[in-house]
Every structure is written in structure tokens, then in C-alpha cells.
Amino acid sequence: MKTTEHESAIADAESAVRNRPNNFTTFMDLGSAYFETDRLDEAMKAFQRAIALNPGAAPAYCKIGWIHYRIGTPQQAIVAYEQAITNDPQFLFSYDALGYLYATKLFEYDHAINTYERGLAANPANPFLTAGLGSTYMRMGQMEKALEILEQSAKEHPDQLFAPSWLSFLYLHQQRLDEAAASCRREIELKEDAHSPHRVLGYIYTALGRNGDAIVELERAIELEPRDYEARGALAKVYRASGNPSAAEYQYNTGLEMAVQDDEEAGQACFFAVYGNIDQALALLETAVAKGQVHPSWIRIDPEFAFIQNEPRFQALLR
């Protein structure tokens with residue numbers, strides 16, 4: 001979404017390029033500013049100019065890969081990411097972007113795992129790449145392998161939030177609620193302004209019957225991110241159960257409108273799942289999968305579906 005802040009960033013970057021037309025960094029900043037506002041053709045030209053000025057720069061090739069990922073040309077993205085890796089084998093984001101492409105666009109999990117392992121060979125035990133590897137095993141449904149990788153990383157890097165954020169999802173789907181809650185709280189300790197762990201913690205407290213605690217966490221999630229429609233759906237459910245129908249109605253109407261605007265059937269499925277309308281959630285989820293809005297590899301670990309995973313219709317989607 002284009003904002004005044006984005007417009008200001010573009011204006012500043014354009015001015016810098018005019019003043020320093022042969023400076024690599026100014027073109028990188030300009031490309032990034034264009035990318036943030038989906039001006040992808042202009043972003044591509046800026047990054048290509050940056051490469052002309054500095055052919056060995058890994059970040060410029062990586063960002064060209066991002067553009068190809070965004071516009072749906074994955075083979076060109078792979079070429080760009082691999083060039084970035086060749087230019088700088090220690091540049092983490094190239095491995096992560098390539099692994100993510102294989103795992104989430106092409107669903108070529110062996111290639112994704114190989115990419116993350118290559119990254120870890122060049123950057124041993126890096127918690128960012130380790131989390132990417134663990135999340136790939138989660139998408140594959142190999143939960144025990146994912147658990148081994150992520151728990152070890154969390155133990156080795158207690159000051160990093162990458163492993164706890166994925167572990168909270170994994171524990172949630174295994175119905176290990178106390179451990180899921182602990183992972184959420186750890187993520188909040190490490191990043192106070194993250195809204196997602198508050199939302200997931202709200203789901204957990206709701207499942208445990210701790211409605212007051214659930215309300216606190218879900219309200220905090222919305223305070224941090226007002227367009228968190230999943231938190232609004234879950235909050236509507238808790239308000240309804242707590243005898244506050246007017247507040248429930250407000251959160252329901254507001255959240256549903258946002259889900260419709262932002263994410264089509266996939267978003268609405270998440271909203272209805274946490275609100276408790278399981279039939280509606282499953283019907284929308286079936287449509288979303290059929291339309292390619294969401295892939296079964298994600299819904300198997302999406303926290304919004306953790307409490308409907310035993311439904312036969314849900315299991316059919318995973319198969």
C-alpha cells in the first residue's frame with residue numbers, strides 16, 4: 001500500500017540518484033523504494049543499474065530474484081539467487097529466498113532442503129537459515145524432524161526469535177499447548193511489537209478456557225496491528241462466550257470485512273475457523289485450495305486451522 005512515507009522515500013531516493021548517478025548504494029535504495037510500492041519495472045531497472053555499477057554485488061541480484069518471485073517467473077528468480085550466492089556465499093538472504101521459492105512456489109522440497117543446507121555449510125548453525133530448514137520440514141509434514149532442528153536451534157540461540165516463532169505453530173498443531181504458549185511468550189520477550197504471538201497466545205488461552213487472558217492477548221494483537229482480522233475473529237468468539245454480544249458483533253463485522261478485502265476465500269476461511277464456524281471455514285478453505293490461493297503445505301501448519309485439523313474435510317485437503 002502506497003503511503004506518504006513511501007512517497008517520501010521514493011522522492012529522497014530519486015534525488016540521491018540525480019545527485020550521485022554513479023553510486024551503487026543510491027540505486028539500491030531507489031530500487032527498494034520502488035519495490036515497496038509495487039513499481040516493479042522501475043525497481044528492476046534500478047537494481048540492474050546497481051549491478052552495472054557493481055557486478056559482484058549479491059544483494060542486487062537477490063532483489064532481482066525477489067521481483068521475479070513476485071511477478072511469477074520462478075526460473076529467472078532461481079538464476080538471480082544463484083548468481084547472488086556465487087557472488088557472496090556468506091550472504092544469508094540469497095539462500096533463504098531461494099529455499100523459500102522452492103518450498104512455497106514450486107513445492108520442490110528436496111531442492112529447498114538442499115538450498116538451506118548449502119547456506120548452513122557456508123554459515124554454520126545460522127539461526128535464520130536453520131529456521132527456514134525447519135519450516136520446510138514442517139510444510140512437508142515431517143514434524144519430528146522439524147522439531148529436532150528447531151528445538152536445537154532455540155537451545156543454541158536463545159536470543160533469536162526465528163525458532164520460537166515456528167515452534168509455537170508446531171506445538172500448537174501437536175496440541176502441546178503449554179509449550180506453544182511458552183514459545184509465544186518467548187517471542188514476545190524478544191520482539192515486543194510483534195502482533196502474531198499475541199494472537200496465537202489468544203488462541204491457546206481460548207482453548208484452555210482462560211477467556212480473560214485470551215481477551216488481553218487478542219486485544220493486544222489488534223492494538224499492534226489493527227488489520228489483524230484473525231485476531232478480531234477470535235476475539236469475537238471470546239466476547240460472545242463471555243457474555244459481551246455488542247463487542248462480539250463489532251469485532252465480527254470489522255474482522256470479516258477486512259478478511260474479504262484483504263485475502264479472498266483464504267482469509268475468510270481463517271476468520272471463520274477462529275470464530276468457530278467450522279462448516280463455513282472448511283467450505284471457504286476448499287475453495288481457496290482449489291483456486292490456488294493457499295497450498296496444503298501451509299494449511300497443515302497455519303495456526304488458524306490448528307483446532308480443526310482432525311476434521312475429515314480438512315484432512316482430505318492435506319491429501
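Start with the whole chain: among contacts (heavy atoms within 4.5 Å) with a separation of 6 or more, 52% join residues 24 or more positions apart. This is a predicted model, in which local features need pLDDT of at least 70 and side-chain atom pairs count only at pLDDT 80 or more, while totals for chains, interfaces and linings use all residues. Residues are numbered from 1 along each chain as its sequence is written, and side-chain values use heavy atoms, leaving out hydrogens and water.

Next, switch to a cartoon view. The chain has 18 helices and zero strands, both taken as DSSP runs (helices: H or I, at least four residues; strands: E, at least two) numbered from the N terminus. The chain is as compact as a globular protein of 319 residues, because its radius of gyration is 21 Å, close to the 20 Å of the globule rule. That radius is taken over C-alpha atoms, and the rule is 2.2 Å times the number of residues to the power 0.38.

Now select the buried residues (under 20% relative accessible area, 1.4 Å probe, protein chains only). They make up 50% of the 319 residues.

Then select M138, L150 and I204. These have the most contacts inside the largest nonpolar core, which has 83 residues. Such a core is a set of buried Ala, Val, Leu, Ile, Met, Phe, Trp, Tyr and Cys residues joined through side-chain atoms within 4.5 Å.

Zoom in on M138. Leaving aside residues up to four places away in sequence, M138 touches M143, A146, L150, W166, F169, L170, R300 and I301.

Finally, select F271, L285, I308 and L317. They are among the 21 residues of another core, apart from the largest one.
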